[in-house]
There are 2 protein chains.
Amino acid sequence: MSKVHNFSAGPSILNQEVINQASKAVANFNNLNLSILEISHRSKDFVAVMDNAVALVKEILNVPEGYSVLFLQGGASTGFLKTILNFMNENGTGAYLNTGAWSKKALKEAEKLGKLNVIASSEDKNFNYIPKGYTLPSDVDYFHITTNNTIFGTQIKDIPTQDNTLLIADMSSDIFSRKINVSDYAMIYAGAQKNLGPAGTTLYIVKDDLLGKTDRTIPTMLDLRTHAAKGSMFNTPPVYPIYVSMLTLEWLKANGGIEWIEKVNQEKADLIYNEIDSNPLFEGTAAKEDRSNMNVTFVLTNEDIKEDFDALWKTAGISGINGHRDVGGYRASIYNAMPIESIQVLVNTMKQLANKYDLVNN
Amino acid sequence: MSKVHNFSAGPSILNQEVINQASKAVANFNNLNLSILEISHRSKDFVAVMDNAVALVKEILNVPEGYSVLFLQGGASTGFLKTILNFMNENGTGAYLNTGAWSKKALKEAEKLGKLNVIASSEDKNFNYIPKGYTLPSDVDYFHITTNNTIFGTQIKDIPTQDNTLLIADMSSDIFSRKINVSDYAMIYAGAQKNLGPAGTTLYIVKDDLLGKTDRTIPTMLDLRTHAAKGSMFNTPPVYPIYVSMLTLEWLKANGGIEWIEKVNQEKADLIYNEIDSNPLFEGTAAKEDRSNMNVTFVLTNEDIKEDFDALWKTAGISGINGHRDVGGYRASIYNAMPIESIQVLVNTMKQLANKYDLVNN
């Protein structure tokens, strides 16, 4: 049986060569006759993995001097908390752009543990667009954005920057998908399980000299200085998720890095959005100018043919395209590792559906 | 080349069948033609893994009703913090038994975030014994113990229990190695990477009706109620470490569970401790009555023959027995998955060394 076309929103598709290598390393890592699962994180073989993963992040994203690159645990949900503890004073304010379910979780945590200022929100239209034209705050401890909204299929195209306002971004679902200017950010964090690796590690890129400035007592494990000082080895790191992330970064670099993947991602997104826009049976749910190049959300214009469409894509070997319950319809997640061929298969089923519908109705 | 005899202190040896299965699942999980690394944690295939892992913990440890079994992230180091936030009031006191480097980290966090009462300590003798004869506290929020001290090779044999004192235990390095009475504990937590699986998940067994009783504002991700309410699926769990833990629990159950492994572990420990005690070239570092059945720490009685011994065990295919810098000498970690045959190989090198030394000196 052939490989499935895996449009899962996350944990999500990984490159096949990465998977092959990852499987091999579980059986026998670096010809040590040991599994990567059973070696010490202090062994020279794993230290090399960690060093390489960090170096690849720095190289691929062109991370400037003065930033630490960390591979931690806890998911982006713990990133919401680390943002507050490391950057918000006891009586400070966190400013947030509310663009979806995950921003909302991030800002609710700020409300719980400090003061919250929601600068703008697209909740009025079920988060189907990115707010614009708002004034950036200056009297706040930081401004937090979610660059890509996995559930609603929107993505911030113009990053809102301003001198003297620390910008913090949850990039869980679009990191490594396009060029970014790391020096615009005080901190970037991202759960691995979309563009980086399997679930179980979270990447932090943080400007060192901004840490330790708040008046909070920060618990040891939530203080980013703890991990920056020990190169993510203060305690046992999630060895295997970091290893697979390293493999993915090697794959990305070998193929041409961000410049290459950004172009490929645009081609992939164009292919499916063009079909959505030209096929009368489908409709995109996100505002056109804010459409995500990672998560493509769409609905049928006629719910009566849902069964037909579902049968078509299932037969074609497609999985993971049911929409999130908050939006309904379909969501095709087309992360870095998704080959354009798989998107073509999906587009073909959309065309097939239109042909079938034409035949019946004309 | 044959398999290495892996005495690593953690991440540490896993059963070979578990490793084979774990490698296969990365290539193709459940014949889905997808890697376990790239499927949704909400997919029925992974939900079944999580359910099975939880059920196996409950069955193997005979967990009573009213306890939640959780697979979370952050390591036992985050468990130190979760202990405090979930069980210590703002003006409350955490009582600790100080038996090694990890207890010390746990109690330092309590000192940082609340009030600390160190009930007894073995730091006076570099933690080479377990304090006894102390009076259990009653006017504290909980009493925290570390059941096995990985670095110093000691293990609490008699668990100190008392009605009306909540007992919380870090069992990272001896969970699943011997019978325990879960109902003695308010909470048990354990990093997976010794007896359970690879690094990247931490097991919590917590009595539900004791949660939510403190006056602290608990951040969402550190509140155990968050995870208990969602069956460890509040956010994306560390899918693969949980899967490999499930495989290990299946292996343990299939072989006879705790009753079986406790007996095997005793035989394994006896084999090496008997050699240490009868071989004039070696000396154990831990008090005999407190010796760990998981981590066997020993030194050479004559440092001049260190090179000879190191050459012998290296030639025999042994790895990971260098002692921790806080103790020096050697440490043989003989966790559940360590076969007695590997311990025999180590014992043989110790005998060889004695023979060689006899020949030279007599």
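Is N91(A) buried or exposed? N91(A) counts as exposed, at 65% relative accessibility; here exposed means over 50% relative accessible area, buried under 20%, and partly exposed in between, with a 1.4 Å probe and protein chains only.

This is a predicted model, in which local features need pLDDT of at least 70, side-chain atom pairs count only at pLDDT 80 or more, and totals for chains, interfaces and linings use all residues. Residues are numbered from 1 along each chain as its sequence is written, chains are lettered from A and ligands numbered from 1 in the order in which they are written, and side-chain values use heavy atoms, with hydrogens and water left out.

**The two chains**

Chain A is superposed on chain B by a rotation of 180° with 0.0 Å of shift along its axis, at an RMSD of 0.0 Å. This is the relation of a two-fold axis. The C-alpha of S23(A) is the one nearest the axis in chain A, at 2.4 Å. Both copies use the same surface, since 100% of the contact residues of chain A recur in chain B. The superposition is by least squares on the C-alpha atoms of residues with pLDDT of at least 70 in both copies, and contact means heavy atoms within 4.5 Å.

Helices (H or I, at least four residues) and strands (E, at least two) are DSSP runs, numbered from the N terminus. Two strands pair if DSSP finds at least two bridges between them.

| Strand | Partner | Bridges |
|---|---|---|
| β2(B) (residues 67-72) | β10(B) (residues 202-207) | six |
| β2(A) (residues 67-72) | β10(A) | six |
| β9(A) (residues 187-191) | β10(A) | five |
| β11(A) | β12(A) (residues 295-300) | three |

In chain B, six of the six residues of β2 are buried. In a regular strand the side chains alternate between the two faces of the sheet. On one side of β2(B) are Y67(B), V69(B) and F71(B), on the other S68(B), L70(B) and L72(B), and all are buried. V69(B) stands opposite I205(B) in β10(B).

In chain A, β10 (residues 202-207) has five of its six residues buried. T202(A) in this strand is the bridge partner of L72(A), while Y204(A) is the bridge partner of Y189(A).

V57(A) belongs to helix α2 (residues 44-61) of chain A. V57(A) counts as buried, because its relative accessibility is 0%. Apart from neighbours within four places in sequence, V57(A) is in contact with N62(A), V63(A), V69(A), F71(A), F176(A), L203(A), I205(A) and L249(A). V57(A) and A311(A) are 254 residues apart along the chain, and their C-alpha atoms are separated by 41 Å.

Three strands of chain A form an open antiparallel sheet in the order β11-β12-β14. β11 (282-284) and β14 (330-333) stand at its edges with a single partner strand each, so one side of each has no neighbour in the sheet. Neighbouring strands are turned by 35° against each other on average, direction ignored. Within the sheet, F282(A) has L300(A) in β12(A) as its bridge partner.

Axes are lines fitted to C-alpha atoms, for helices over the stretch in contact, and angles run from 0 to 180 degrees between N-to-C directions.

The buried residues of α7(A) include I258(A), I261(A), N265(A), K268(A), I272(A) and I276(A). Seen down the axis of α7(A), the buried residues fall within an arc of 155°, so they line one face of the helix; the arc is that of the directions from the helix axis to the C-beta atoms. The face turned away from the buried side carries the exposed residues E259(A), K263(A) and S278(A).

**Two loop residues**

N91(A) is placed in the loop between α3 (75-87) and β3 (93-98) of chain A. N91(A) and H227(A) are 136 residues apart in sequence and 25 Å apart in space, C-alpha to C-alpha.

H324(B) is in the loop between β13 (318-319) and β14 (330-333) of chain B. H324(B) is buried, with a relative accessible area of 15%. Not counting residues up to four places away in sequence, H324(B) touches I151(B) and R331(B).
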